[in-house]
Amino acid sequence: MTYTAEISRTNPSCFVFMIDQSASMIDPIGGRGLQHKHEVVADAVNRLLMELSIKCAKEEGVRDYFHVAVIGYGGSTAGPALGGDLHDQDLVSIGLLADKPLRVEHRTKKVPDGAGGLVDETVSFPVWLEPLGNGATPMCKALNRSKDILAAWISRYPRSFPPIVLNLTDGEANDGDPVQAATELRQLGTDDGAVLLFNLHVSGAGGASVAFPDSDAGLPDAYARTLFEMSSPLPPHMRDYAAQQGYSVSGGTRGFVYNSDIISLVNFLDIGTRAVALR
Amino acid sequence: MRGSIFSYSAPKHGNSPDEYEDAWCTSPPISADAGEIAGKSIRVSVADGASESPFAARWAHMLVDRFSSAPQATLQSVTNVLEVLDAIGTYWPRVMESYAASRTLSGRPLKWYEERAISRGAFATLLAADLTLPVSPGSRAPHHDEGHWHAVSIGDTCMFQIRDDNLLVAFPAIPSAEFGNNPALVGSNHSDRAFLPAHTLMHSGSVAQGDDFFICTDALALWFTEQVESGCKPWTVLRDLQAIGFPEWLEGTRRTGDLRNDDVTLIHVDLW
């Protein structure tokens, strides 16, 4: 059986975020009013890192169930994208990451009041990544950088739950064929399975949002179809979690999302009994 | 009729004892990990804190402590159980405020992820059972001096009753394929109170001399269920844990993969 390894501190898993920081990311996203692609991507990464941290949180610390790399690619480079104390780090533990956001903002959100209504609550919102957009889109370089990082990581943790790479992009690679680089990345793996490459496509092309499709039929453009082709199929247990969350899935469902929310990805990861309210 | 109680607990392999997030309590309490039942009844409460919530162990402890001291009639109606849960949930914010204040006073204010976790609440499964022993020693006649039990369950902490070397009751009765990482949970926030009744299971039955009751959290409950489904009698092993040695048995069963790596809690009530 693959994709069944227990995720623990002695047997952690790894998350690599690849952030498209090219100039085209400054353009507006389709169908979402005035939001810009680089803002949508930064927000998605910050929320994913927040949820991953909370998932691993204990009193006075976050357990290192995951190692995390955040790689930005734009202009001619692909390299570490975190700011502050972590600016030059390829890989950091989730515990260190949780303790070192750039800043913690306070935002107001609506929460149930227990009597059928909603009340305002001020919540902490950590920020690790600022929106950025500049120059060309060296996606192949970023995929190769991820491959190098993960090859070294896998040699240290060969029995771990396989690393997950999440590429957040508008898909407009201009340094070669990303499908080839993605295929090479996905050929890496631990004893528990191959590296999983998922893609969040933020696009100005508009059209209906799509989450975890099983074919590229209906995707709006060639960029979306390329990213779908690059994406790994969801392992069976992730398909089950996706189905529980209301997504329509099949054996061919891939880790690809088009102009939609990808925060549910965190809920596909098992580190123990889920802390979810009854419903 | 007399009875003995044995308790066994261990953290997940790889974790330290202070990372154990189950909780259990008996009323009246037993000393150390084994004791004789004093009086004609006993209440056993076991909770399993959900590992994704950082304050789960505190919540699990609060649940079993409060259920242990709840009135006798609590486990005889869903309404009574929900009243107790409501009171615990109402008190919980004060526990967290006090904890936050103590952290601030000690120069270690809450981190952002602790604040978010408090806001989302803590979660645990719960099983509480009252066992009332028969009045007349040795009596097994129906409707005559028969002891009885009442239990409540939310989630996948289970109780197994053995009589005459057979499994008489599994409560809740969960097929092995349905154990997973998404059991029903008691949350510390009031946001899910409307859904609690549908997940609050009640059961009752008789108590007789020679019965064994095994109350355990999900990893062991799953192992027990799988053993039963494959035609084995897991209670024969659990009865002998004092002689076999719990740590040795646990390590071996985990190593073979027969027991999922998780916190383990077992309360064995042996009536003799």
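Helices (H or I, at least four residues) and strands (E, at least two) are DSSP runs, numbered from the N terminus. The model is predicted, with local features requiring pLDDT of at least 70 and side-chain atom pairs counted only at pLDDT 80 or more, while totals for chains, interfaces and linings use all residues. Residues are numbered from 1 along each chain as its sequence is written, and side-chain values use heavy atoms, with hydrogens and water left out.

In chain B, 6 strands form an open antiparallel sheet in the order β3-β1-β12-β11-β7-β8; two strands pair if DSSP finds at least two bridges between them. Its edges are β3 (34-36) and β8 (166-171) of chain B, each of which pairs on one side only. Neighbouring strands are turned by 15 degrees against each other on average, direction ignored. Axes are lines fitted to C-alpha atoms, for helices over the stretch in contact, and angles run from 0 to 180 degrees between N-to-C directions. Strand β7 (residues 158-163) of chain B pairs with β8(B) over 5 bridges in the antiparallel sense, and B:Gln161 has B:Val169 in β8(B) as its bridge partner.

Helix α5 (residues 218-229) of chain B packs on the sheet and touches β7, β8, β11 (212-216) and β12 (264-271) of chain B, contact meaning heavy atoms within 4.5 Å. The direction of α5 makes about 40 degrees with that of β7(B). Helix α8 (residues 246-255) of chain B lies across β1 (3-10) and β12 of chain B, at about 50 degrees to β1(B).

Between the chains, A:Met50, A:Glu51, A:Ser53 and A:Ile54 in α1(A) meet B:Trp112, B:Tyr113, B:Arg116 and B:Arg120 in α3(B).

Definitions and conventions:
Chains are lettered from A and ligands numbered from 1 in the order in which they are written.
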